[in-house]
Amino acid sequence: LDVVGAIGGVRAKVTTNNGGYKLFEGLSSGGTSVFSVTHNGAVTAADTVSDSKGNLRSIPRNGQGSAYSLVASDAGKAVGCTATVTVTTALSQGDAVTIINENNADITIAQGTGLTLYDANSGNNSAGGDRTLKSRGICTVYYTASNTAYISGAGLS
C-alpha cells in the first residue's frame with residue numbers, strides 16, 4: 001500500500017523489513033524514509049522525536065528563583081532552583097523530577113504534607129524532616145505512588 005497525501009507529496013507505505021513488518025513509514029516527497037513504526041512497536045525517526053514537553057532526548061528545565069512546590073507538570077523535568085523545594089503529592093506513580101541547586105548556598109528539600117519520602121541511600125523515611133541539598137548539588141525524586149517517593153543525589157544530606 002502506497003498512499004500519497006495532498007500535503008506536499010507526503011507519502012506513507014507498508015513494507016516488510018527482514019521478515020518483520022513496518023506498519024507505517026512516512027516518506028519525504030523524494031521517497032526517503034523520515035520515520036517508521038514496526039510490528040513490534042519500534043519507532044525510528046530521521047530527525048527530532050518530541051512530545052508536549054519537547055525533544056525526548058532532552059530534559060526540559062523549569063527554572064525557579066524562589067521557594068517552589070512541585071506540580072504534576074514537573075514530571076520528567078529538571079527543576080533548577082535557588083531556594084526551598086517542597087516535594088508534594090501532586091505527582092503520580094512512575095513520575096520523576098530532578099532538582100538542581102543553582103545557588104552558592106545549601107537549600108532545603110522539604111517533605112510535603114501527606115508524602116512519605118524515603119532516602120534511597122539509607123532506606124530511611126525522612127518523615128517530618130527536611131533534606132538539605134548542598135550548593136550546586138543535584139538529586140532526583142522518583143514516585144512509586146502519589147504519596148510515596150524516593151530521593152537520591154549528589155550533595156544530598
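Tutor: A salt bridge is a side-chain nitrogen of Lys or Arg within 4 Å of a carboxyl oxygen of Asp or Glu. Keep that cut-off at hand. This is a predicted model.

Student: What makes E102 and R61 a salt bridge?

Tutor: Their closest N and O atoms are 2.7 Å apart. The cut-off is 4 Å, so the pair counts as a salt bridge.

Student: Where in the chain do E102 and R61 sit?

Tutor: E102 lies in the loop between β12 and β13, and R61 in strand β8. They are 41 residues apart, so the pair links distant parts of the chain.

Student: Why is R61 called exposed?

Tutor: R61 has 56% relative accessibility. Exposed means over 50%, so R61 qualifies.

Student: Why does E102 get another label, "partly exposed"?

Tutor: The relative accessible area of E102 is 27%.

Student: How many salt bridges does the structure hold?

Tutor: Three.

Student: How do you know that D106 and K134 form one of them?

Tutor: N to O is 3.6 Å for this pair. The limit is 4 Å, so D106 and K134 pass. D106 is in the loop between β12 and β13, K134 in strand β15, 28 residues apart.

Student: What makes D106 and K134 partly exposed?

Tutor: D106 has a relative accessible area of 42%, and K134 stands at 39%. Both values lie between 20% and 50%, so both residues are partly exposed.

Student: What about R131 and D119: why is that pair a salt bridge?

Tutor: Their closest N and O atoms are 2.8 Å apart. That is within 4 Å, so the term applies. R131 belongs to strand β15 and D119 to strand β14, 12 residues apart.

Student: Are R131 and D119 buried or exposed?

Tutor: R131 has a relative accessible area of 10%, and D119 has 11%. Buried means under 20%, so both are buried.

Student: Now the nonpolar core. Which residues have the most contacts inside the largest one?

Tutor: L70, V87, I99, I109, V141 and Y143, in a core of 21 residues. Strands including β12 (96-101) and β13 (107-111) each supply at least two of its residues. β15 gives the most, with four.

Student: What does L70 touch?

Tutor: Among others, V79, V85, V87, L91, V97 and Y143, leaving out residues up to four places away in sequence.

Student: Why might such side chains gather?

Tutor: In soluble globular proteins, nonpolar side chains tend to be buried together.

Conventions. Residues are numbered from 1 along each chain as its sequence is written. This is a predicted model: local features need pLDDT of at least 70, side-chain atom pairs count only at pLDDT 80 or more; totals for chains, interfaces and linings use all residues. Side-chain values use heavy atoms; hydrogens and water are left out. A nonpolar core is a set of buried Ala, Val, Leu, Ile, Met, Phe, Trp, Tyr and Cys residues joined through side-chain atoms within 4.5 Å. Buried means under 20% relative accessible area, exposed over 50%, partly exposed in between (1.4 Å probe, protein chains only). Contact means heavy atoms within 4.5 Å.
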